[in-house]
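Student: Could we go through this model together, a piece at a time? I'd like to ask as I look.

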Amino acid sequence: MALNPDRFLDDLHRLRSFGASGVDKGVVRPAFSAVDIAARRWLASRMNEAGLKTHLDPIGNLFGLNGEKSLLIGSHSDSQPEGGWLDGALGVVAGLEIARAAKETGGPPVSVVNFQDEEGRFGILTGSDVWTGQISLAKADMLTDTDGVLLGAARSRMSGRAREFLPHDMFTGFIEMHIEQGPGMDVSGDQIGVVSDIVGIRETRIKITGRQNHAGTTPMALRQDAFQALSDFNQRINQRFAEVANPATVWTLGHAELSPNASSVVPGTARFSLQWRDGDPARLDAMETIMWEVAAEIIRDRNVKVQLGEVGGIEPSAMDPRLKSALRDAAEDLAPGKWLDLPSGALHDAANVSRVMPTAMLFVPSIGGISHAFDEDTKEADLVKGLEVLAQAAFSL
């Protein structure tokens with residue numbers, strides 16, 4: 001296949017213009033936002049120009065199809081509230097370039113996909129979750145973002161263009177190219193990472209209800225301070241999770257909100273999320289049990305109410321041996337001595353797709369290990385090398 005690296009890089013930079021933050025190379029392109037929809041329309045136009053048949057399914061996944069049976073390559077183009085220009089977008093544009101080059105030179109059939117809401121505005125990998133049957137569309141429609149917007153309402157903005165869900169057996173397999181989003185390859189000097197497996201994840205939203213009161217007249221011993229309860233919860237979780245964790249286990253207490261969030265008022269309510277990741281399902285389950293135990297302790301010791309939301313998540317995912325082998329062979333041929341096998345600590349659509357077809361992933365380095373930030377970046381030479389390795393692997397398959 002005759003790849004065009006300049007065209008590939010130009011498309012990447014063009015995609016960045018949709019929601020460009022004005023800071024470094026950052027983007028603000030949340031799922032189902034006006035700028036996200038505009039970016040998908042532009043990508044659809046590029047797919048059409050490449051001779052691919054575009055298909056938008058009911059949840060918003062965009063496909064560029066090449067025939068009735070093809071290898072699928074892609075990722076996502078939505079971003080975190082403060083995101084980088086490569087996270088997800090790289091995999092979509094790489095898939096587009098390889099599908100386009102294959103079409104131009106009569107190569108093997110390659111299709112491209114741009115999954116919707118990978119970054120979790122509403123759920124966890126929502127677009128691929130629904131497509132692979134991990135969650136029904138009806139249930140997904142009832143998911144809300146942090147502002148209380150229903151997914152069903154958000155996706156109604158593009159419902160007039162949506163068609164049916166595509167069958168999985170249209171595709172022989174799926175490969176996702178992504179930045180590493182961590183420091184490993186940047187430190188080691190490797191150009192290519194072949195992903196061995198993807199960690200599992202658990203996540204829930206928690207609400208602590210205390211007693212809102214005057215900050216100047218309420219004695220400390222009588223306070224039912226929701227923020228102090230949150231702080232205590234966090235401290236206990238850190239201690240107890242650490243007792244069962246291994247060096248690769250991670251957890252995050254995030255998206256915290258206080259009410260009424262005023263300096264002279266004892267906080268009456270605290271809302272926050274808790275997320276934990278590991279490659280061992282048993283450890284993930286043990287950490288969930290710890291979370292429930294800590295919540296009960298906070299209720300008892302802080303005299304507050306603790307409401308734990310439904311725990312969502314995805315099980316750890318192993319990558320397909322045959323597809324991994326193709327990526328390894330291509331990496332050794334095109335980047336000899338500068339590639340390695342590694343697990344993914346970040347979650348990707350490949351984790352869902354691996355449940356329904358053979359799946360593999362390819363990483364390129366992240367400068368400084370930075371991602372989910374405006375200054376996320378990768379050397380263009382590494383981006384092109386990743387494209388070349390992915391294309392050769394796709395051709396061999």
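Student: Where is Glu243 found?
Tutor: Glu243 is found in helix α8 (residues 226-244), where helices (H or I, at least four residues) and strands (E, at least two) are DSSP runs, numbered from the N terminus. This is a predicted model, in which local features need pLDDT of at least 70 and side-chain atom pairs count only at pLDDT 80 or more, while totals for chains, interfaces and linings use all residues. Residues are numbered from 1 along each chain as its sequence is written, and side-chain values use heavy atoms, with hydrogens and water left out.

Student: And is Glu243 buried or exposed?
Tutor: Glu243 counts as exposed because its relative accessible area is 57%; buried means under 20% relative accessible area, exposed over 50%, and partly exposed in between (1.4 Å probe, protein chains only).

Student: Switching to Gln181, buried or exposed?
Tutor: Gln181 is buried, because its relative accessibility is 18%; Gln181 is in the loop between β5 (171-179) and α7 (184-188).

Student: What does its side chain make a polar contact with?
Tutor: The partner is the side chain of Ser371, at 2.9 Å. A polar contact is a pair of N or O atoms within 3.5 Å; within protein, one must be able to donate a hydrogen and the other to accept it, and residues adjacent in sequence count only if both atoms are side-chain atoms. Leaving aside residues up to four places away in sequence, Gln181 also touches others, including Asp87, Ala346 and His348, contact meaning heavy atoms within 4.5 Å.

Student: Which strands does β16 pair with?
Tutor: β5 and β16 pair in the parallel sense over 6 bridges, whereas β6 (residues 192-198) pairs with β16 in the antiparallel sense over 2 bridges; two strands pair if DSSP finds at least two bridges between them. Ile179 has Val364 as its bridge partner in β16, and Val194 has Leu362.

Student: Which way do the β16 residues point?
Tutor: Thr359, Met361 and Phe363 point one way, Ala360, Leu362 and Val364 the other, and all are buried.

Student: What about the largest nonpolar core?
Tutor: That core has 63 residues, and those with the most contacts inside it are Phe8, Leu12, Leu90, Leu383 and Leu390; a nonpolar core is a set of buried Ala, Val, Leu, Ile, Met, Phe, Trp, Tyr and Cys residues joined through side-chain atoms within 4.5 Å. Helix α3 (residues 89-105) gives the most to this core, with 9 residues.
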